[in-house]
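Please look at the sequence and the 3D structure below.

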Amino acid sequence: MQLVVARIGRAHGIKGEVTVEVRTDEPELRLAPGAVLATEPATAGPLTIETGRVHSGRLLLRFEGVRDRTAAEALRNTLLIAEVDPAELPEDPEEFYDHQLMDLDVVLVDGTEIGRITEITHLPSQDLFIVERPDGSEVMIPFVEEIVTEIDLDEQRAVITPPPGLIDGSQAVIASSRDEEGDGDEAAESGKDA
């Protein structure tokens, strides 16, 4: 099975290095020198990692045959794809591959069905589950421990405890100090009129 493990960013320097946006929890395994990766678009690869290093908090890679800035810049926005055994699991039991989470049923703690995971979006700050509801609408659920309390691969479900308004907008609680001050002013004014 194929997993997207990184996206190539801009060229770095003049010797063919590129920055990469890492999309794997195991970069030391998936993006190590010698790794051969498929690409999207396929015409850009396959690419073999020659060297890798961290510079100012960013991973820089150089690929075999890419020797200058022009060649490196031509790879910008290319996805790097690793071949992974579907039975392979991450070392940390609290981590999951996207393919393990796809199509899981999403339920509340009391068993109420919310929908099923149809997509996982990776953002810089957190991952999001895109959940298709039974009526065909979609809801986005942040994949954070406070909301997704359990992933049960045996039962094929994700248990969530959403805050008010995440699933049902009519339950949203709006908290604003301005609203509270306004309510106080209105009460004071109504007291003057009485």
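**A sheet and a pocket**

Strands (E, at least two residues) and helices (H or I, at least four residues) are DSSP runs, numbered from the N terminus. The model is predicted: local features need pLDDT of at least 70 and side-chain atom pairs count only at pLDDT 80 or more, while totals for chains, interfaces and linings use all residues. Residues are numbered from 1 along each chain as its sequence is written, and side-chain values use heavy atoms, with hydrogens and water left out.

Strand β7 covers residues 105-108 and pairs with β8 in the antiparallel sense over three bridges. Two strands count as paired if DSSP finds at least two bridges between them. D105 has R116 in β8 as its bridge partner.

Strand β8 (residues 113-122) also pairs with β9 (residues 127-132), in the antiparallel sense and over six bridges. A hairpin of four residues joins β8 to β9. Among the bridges, H122 has D127 in β9 as its partner, and T121 has L128 in β9.

These strands belong to an open sheet of six strands with mixed pairing, in the order β10-β9-β8-β7-β12-β11. Because β10 (138-142) and β11 (148-152) stand at the edges with a single partner strand each, one side of each is left without a neighbour in the sheet. Neighbouring strands of this sheet are turned against each other by 35 degrees on average, direction ignored; the axes behind such angles are lines fitted to C-alpha atoms.

The largest pocket has a volume of about 940 Å³. On a 1 Å grid over the protein atoms alone, a pocket is an open set of points where a 1.4 Å probe fits, with protein on both sides within 12 Å along at least five of seven lines, and lining residues have an atom within 4 Å of a point. The volume is the space filled by probe spheres set on the points.

Of the 30 lining residues, D25, F96, D98, H122 and D127 are the closest to the centre of this pocket. The elements that give two or more residues to the lining are β1 (2-12), β2 (17-22), α3 (98-101), β8 and β11. The largest share, four residues, comes from β11.

Definitions and conventions: Axes fitted to C-alpha atoms, helices over the stretch in contact; angles between N-to-C directions.
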